[in-house]
Amino acid sequence: MIYKHLLEHRINGKRRHILSRYCWAFSILSSICGLGMIVFAIVLRSQMDSYTHILDTYNDEVIFVIYFMTGWFVVLCGLYGSYVIYGCTDEKKRINSSAKLQGYAIYLMTITAVLWSCAIANVEHHWHMYDAFSEGFDKAMEKYAKDIQLKAAMDDIQGDLDCCGKDKYTDWAQLQWINSKYLNKEDDNVKQHVVDGRYLTQDLPYSCCRAGSAPPCL
């Protein structure tokens, strides 16, 4: 083949050795990145556990499996690639390494395809997760006054993410987030805030409280 003929004349032993070192370093770096993806998947899953109460339509296992399995695949491919390239640095072994080098070329194409697939799946999953959060947030805010688990989840989210409401803090003024059993319905101050049977107020849950907040927090 012509390309083999060119390679034999243009890549001498020294250049071949340098190229092998770069490829070996790339393979090791790939394995390290794969380990990083595995760690990221585990950390992400632990972080998502606190949000599962408000995500009815979301399966948090999907993103974990994508990163975890891709991470392991990258690690194994990287180790295989480093093994092949390390063997090619030896003059005696390089003669019998043609098949292994073909395997390394397949490894490069495969890992590229897998990472692109992972990236596309991640982008698509991002929008699915956004929709699930949006829908779940609406339901959680509506049930905040009556569901203890959702209340605790919402308070954790608002505290951890330093946010208040779905879009802004005034979202809480559009619904009754205080349980009726804690309201004195005979009190005139309470009566003036009752609209269509709902107690609506400008007050905010305590998880919305920040230093310098203007509206009162409960």
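Rings of Phe, Tyr and Trp (its six-membered ring) pair if their centres lie within 6.5 Å; planes under 30 degrees apart count as stacked, over 60 as edge-to-face and the rest as tilted. By this rule, the count is six aromatic pairs. This is a predicted model, in which local features need pLDDT of at least 70 and side-chain atom pairs count only at pLDDT 80 or more, while totals for chains, interfaces and linings use all residues. Residues are numbered from 1 along each chain as its sequence is written, and side-chain values use heavy atoms, with hydrogens and water left out.

**View 1. Phe64 and Phe68 form a stacked aromatic pair.** Their centres are 5.3 Å apart, with 25° between the planes. The two residues are four apart in helix H3, so about one helical turn separates them. Helices are DSSP runs (H or I, at least four residues), numbered from the N terminus. Phe64 is buried, at 13% relative accessible area. Buried means under 20%, exposed over 50%, and partly exposed in between (1.4 Å probe, protein chains only).

**View 2. Phe68 and Trp72 form an edge-to-face pair.** Phe68 is partly exposed, at 23% relative accessible area. The ring centres of Phe68 and Trp72 lie 6.4 Å apart, with the planes at 75°. Ring pairs link Phe64, Phe68 and Trp72 into a cluster.

**View 3. Trp72, Leu76 and Leu79 make a nonpolar surface patch of about 310 Å².** Like charges are joined within 9 Å, nonpolar side chains (Val, Leu, Ile, Met, Phe, Trp, Tyr) within 5 Å. Accessible areas come from the Shrake-Rupley method with a 1.4 Å probe; for residues, only the protein chains shown count as cover. Trp72 is partly exposed, at 39%. Leu79 lies in helix H3 (residues 61-88).

Definitions and conventions:
Patches are made of residues with over 30% relative accessible area and no salt bridge: like charges are joined within 9 Å, nonpolar side chains (Val, Leu, Ile, Met, Phe, Trp, Tyr) within 5 Å. A salt bridge is a side-chain nitrogen of Lys or Arg within 4 Å of a carboxyl oxygen of Asp or Glu.
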